[in-house]
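Here is a briefing on one protein chain, written for a first look at its fold. Keep the sequence and the 3D view open while reading.

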Amino acid sequence: MLLSDDEQAVLERWTRRASSAQALALRARIVLACAGPEIPPIVSVARELRVAADTVRKWRRRFLAERLDGLVDEPRPGRLPTISAGVRHDNLGVGVGVGRPAMGGPAVWPSPVVCTTAVTEARRSDPR
């Protein structure tokens with residue numbers, strides 16, 4: 001399997017970049033291990049990278065069919081989240097910061113406040 005210089009550079013960058021998802025970095029390592037004038041056996045690449053032979057077969061096949069685009073995760077099925085993770089995290093902090101009573105009393109969580117804030121922030125951040 002031969003790679004263009006651009007493809008090889010992108011794959012090497014994906015394997016070294018700290019912000020790359022580990023799954024994407026592994027896929028890039030698989031393709032790089034399979035590249036070259038002499039294609040190594042799938043089993044030896046799998047053993048070298050400590051993955052299943054089927055994993056090597058899958059990502060090599062996807063790369064051959066779709067090149068770099070074949071290695072990127074496809075969108076997950078299902079409904080998109082209505083509240084972003086950032087808003088959810090920020091509003092969890094609101095609830096945690098308020099509800100801790102003095103020694104021994106029951107915890108009272110201001111759920112109406114948290115819900116109202118979450119909905120308001122979600123509406124602000126929603127581009128629709």
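Arginine 67 is partly exposed, with a relative accessible area of 28%; buried means under 20%, exposed over 50%, and partly exposed in between (1.4 Å probe, protein chains only). This is a predicted model, in which local features need pLDDT of at least 70 and side-chain atom pairs count only at pLDDT 80 or more, while totals for chains, interfaces and linings use all residues. Residues are numbered from 1 along each chain as its sequence is written, and side-chain values use heavy atoms, with hydrogens and water left out.

**Salt bridges**

- The count comes to two salt bridges, each being a side-chain nitrogen of Lys or Arg within 4 Å of a carboxyl oxygen of Asp or Glu.
- Arginine 67 forms a salt bridge with glutamate 7 (2.8 Å, N to O).
- This pair links distant parts of the chain, 60 residues apart: glutamate 7 is in helix 1, and arginine 67 is in the loop between helix 4 and helix 5 (85-98).
- Helices here are DSSP runs (H or I, at least four residues), numbered from the N terminus.
- Glutamate 7 is buried, at a relative accessible area of 13%.
- Aspartate 54 and arginine 57 form a salt bridge at 2.5 Å, N to O.
- Both of these residues, aspartate 54 and arginine 57, lie in helix 4, three residues apart, about one turn of the helix.
- Aspartate 54 counts as exposed at 55% relative accessibility, and arginine 57 as partly exposed at 32%.

**A buried charge**

- Arginine 60 lies in helix 4.
- Arginine 60 is buried but has no salt bridge, and the nearest side chain of opposite charge, aspartate 54, is 11 Å away. Lys and Arg count as positive, Asp and Glu as negative; His and the chain ends are not counted.

**Helix 1**

- The buried residues of helix 1 are Glu7, Val10, Leu11 and Trp14.
- They cover an arc of only 95° around the axis, so they are on the same side of helix 1; the arc is that of the directions from the helix axis to the C-beta atoms.
- Asp5 and Arg16, on the other side of helix 1, are exposed.

**Nonpolar core**

- The largest nonpolar core has 20 residues, and Leu11, Trp14, Val31, Val56, Phe63 and Leu71 touch the most other members.
- Such a core is a set of buried Ala, Val, Leu, Ile, Met, Phe, Trp, Tyr and Cys residues joined through side-chain atoms within 4.5 Å.
- Helix 2 gives the most to this core, with five residues.

Conventions
Helices (H or I, at least four residues) and strands (E, at least two) are DSSP runs, numbered from the N terminus.
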